[in-house]
Amino acid sequence: MDPVPLGGLQEQTRAITMRLVILDDYDLASEWAAKYIRNRIIQFKPTAERCFTLGLPTGSTPYSCYQKLIEYYRSGDISFKYVKTFNMDEYVGLPRAHPESYHSYMWNNFFKHIDIDPANVHILDGNAEDLEAECQAYEDKIAEAGGIEMFVGGIGPDGHIAFNEPGSSLVSRTRVKTLAKDTIVANARFFGNDLSKVPSMALTVGVGTVMNAKEVVILITGAHKAFALYKAIEEGVNHMWTVSAFQQHPRTIFVCDEDATLELRVKTVKYFKGLMHVHNRLVDPELSIKDQ
Amino acid sequence: MPSNKSVSDAPITQFVNCRILRGSRLQREDLWVRSGSILDPEKLFFDEQGYADDRVDCEGSIMAPGFIDVQINGGYGVDFSEASEDVSAGVSLVSKKILQHGVTSFCPTLVTSPAAVYHKVKVHDGGAHGAGVLGLHLEGPFISAEKKGAHPERFLRTFQAGGIDDLMAAYGSLDNVAMVTLAPELAGSQSVVRELCRRGVTVSLGHSVANLSQAEEAVDQGASFITHLFNAMLPFHHRDPGIVGLLTSDRVPSGRTVFYGMIADGIHTNPAALRIAHRAHPEGLVLVTDAIMAMGLPPGRRTLGQQVIEIQGLHAYVAGTKTLSGSIATMDTCVRHFKHATGCSVEEALEAASLHPAQLLRLHHKGNLDYGSDADLVLLDDDLNLKATFISGEEVWKKAP
């Protein structure tokens, strides 16, 4: 882990850092993450020629973060007009209009509330004729967009990032994956607790795809994610816990709540909590487009 | 942002800041309209990468499907049943006026009349010119002499040997007919019910002294409505509930609903009776005005057709008496009164005037705000007072500030 970083936002975009940001609860963690994303986009000053490319997750963890970003849009402090998005994954074979598809999630929980240009939105098509071609095309689109400036992600209880299940290659690219039993069980609650209704395959960005982003922000909240967080940052880089790959990324921030740190060493938690005044320079002051 | 819609270049309107009635709940959602239909914005976003051209701020109002009145005899001095050269002019006038009551579609109702009157009204879409005509509601002449109400006795008819032929002889053509009210105890009526239903005409029971069995038989043959429940039928009796018993009959074929019209003006039905019906069978309740030509006219005495009428508030009396000559409450008044008298939810009150009549007439694209449905809308405040009326997404009436 690195020495105490010097500056705030400016420094963050140049320095090589791993930050573990620990907030008291889910709401505060979501808010910290949303403020950070907001500040980074505004500071970037995106234009039509130079969009801010944002990688996005789905699931219950980022929900409040999206709510906060919508709030910032409604209050006029941020615009998503020149933000390009690339979602991490999508189920295979689930109709796009199905309420549990990731297209539906993103529309209902984010896109329909903000001013994003639909042409700037990219989500893998799990109903494409040729799934492999779809995955390759996705990688191409990311490259065309100039790469991902910030990839926001979560972590599964089995330590996976996106659908890169335990055992996935740590240099993998966007591809078709069969879901692990753990993942299917975890997702069953969205399908009436009927395991047979959960899709068994998904398209997902690879660990390597996310590693190519300039910055990675991982949201981890809740006690049920604590063991995965422990494996991800206190143990070695291991393809059985694919989030651990980000130990080797030049710019990673893990944003957690207290409960997610329950399996970490007291020493680790104390160290990073002690750095909160430094971390908070990234979100304070809150930037706004009204000031530009 | 440049337009990039691949399906259609027609302009898209987004109604924001509203609570829409969908799935029987008021939801904070935007409503999107293109080419007169309600649009699925998610499909627009992902399939067409499209977005709205215009935004209409509804200022927090309730947005409901436009009201549908399946029983209205006239208004504003116009009587649809009056034999005249220009029935359609009268229908047009009323159709324009009722926009301010939130009615976007209606069935001009003709009471028992000589044959000549029946032909002259055509089904047509609504718009800025007025509410849409869904088809005529022919109330009579195949009704009971004992329950004729205000219908002229000399024009009542029965079915002779011919059944449906007698009916066709009376009406001429069924082309523009949405609904027929008849008395199912009349001999030969059951086959007529069946034949009318087969031809897509809604059959309603009313102005009748039928017992429950006869009513159930008619429902079996396809009848699906009761004309102004309680009025012009035998009263509920605990050993023979009569037509009223259809509300809780166990002989209604499964998957089918018997709907019933209620005049909820607080005058033609005692609120306690309204509550009994509503509690017994809430999904079947259809609000109707059964308005007469005096509806919409200011208070006072005036001559309408053959009668002198005295209008006082929501009452219309035969002048100099306390005999009611008919209802004059507007549809939005009925919705408010219905909610107040039954204590039902806003959603239920609105559905009784929109969804239920649309279900009765099997009009899947009306009476709801689902994707693909006609954008016939009303904007209301929390007390269900009307603020604006839209047909096919165009504003056709707005409350003066």
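Author: Let us begin with a definition: buried means under 20% relative accessible area, exposed over 50%, and partly exposed in between, with a 1.4 Å probe and protein chains only. This is a predicted model, in which local features need pLDDT of at least 70 and side-chain atom pairs count only at pLDDT 80 or more, while totals for chains, interfaces and linings use all residues. Residues are numbered from 1 along each chain as its sequence is written, chains are lettered from A and ligands numbered from 1 in the order in which they are written, and side-chain values use heavy atoms, with hydrogens and water left out.

Reader: Why is Glu139(B) called buried?

Author: Its relative accessible area is 2%, and the term requires a value under 20%; therefore Glu139(B) is buried.

Reader: What makes His228(B) buried?

Author: The relative accessible area of His228(B) is 5%. That value falls under the limit of 20%, so His228(B) is buried.

Reader: Which feature does UniProt place at Glu139(B), His207(B) and His228(B)?

Author: An unreviewed UniProt entry places a "binding site" at these residues; such positions are given in the numbering used here, feature names are shortened, and annotations may be inferred rather than shown by experiment. The three residues are spread over 90 residues of sequence, yet they cluster in space, with a largest C-alpha distance of 11.0 Å.

Reader: Where do Glu139(B) and His228(B) lie in chain B?

Author: Glu139(B) belongs to strand 13, residues 136-139, whereas His228(B) is in the loop between strand 16 (225-226) and strand 17 (259-262). Helices (H or I, at least four residues) and strands (E, at least two) are DSSP runs, numbered from the N terminus.

Reader: Which residues is Glu139(B) in contact with?

Author: Contact means heavy atoms within 4.5 Å. Leaving aside neighbours within four places in sequence, the partners of Glu139(B) include Gln71(B), His151(B), Thr181(B), His207(B) and His228(B).

Reader: What makes the pair His228(B) and His207(B) a polar contact?

Author: A polar contact is a pair of N or O atoms within 3.5 Å; within protein, one must be able to donate a hydrogen and the other to accept it, and residues adjacent in sequence count only if both atoms are side-chain atoms. The side chains of His228(B) and His207(B) make such a contact at 3.4 Å. Another, of 2.7 Å, joins the side chains of Thr181(B) and Thr227(B).

Reader: Is Thr181(B) buried or exposed?

Author: Thr181(B), in strand 14 (residues 177-182) of chain B, has 0% relative accessibility, so Thr181(B) counts as buried.

Reader: How many salt bridges are counted between chain A and chain B?

Author: The count is two. A salt bridge is a side-chain nitrogen of Lys or Arg within 4 Å of a carboxyl oxygen of Asp or Glu. Arg96(A) and Asp47(B) form a salt bridge, their closest N and O atoms being 2.7 Å apart.

Reader: What area do chain A and chain B bury between them?

Author: They bury about 1,200 Å², 65% of it on carbon and sulfur atoms. Arg96(A), Trp107(A) and Pro118(A) lose the most area in chain A, together 55% of what that side buries. Buried area is the accessible area (1.4 Å probe) that two parts lose on being put together, summed over both. In terms of contacts, 13 residues of chain A meet eleven residues of chain B.
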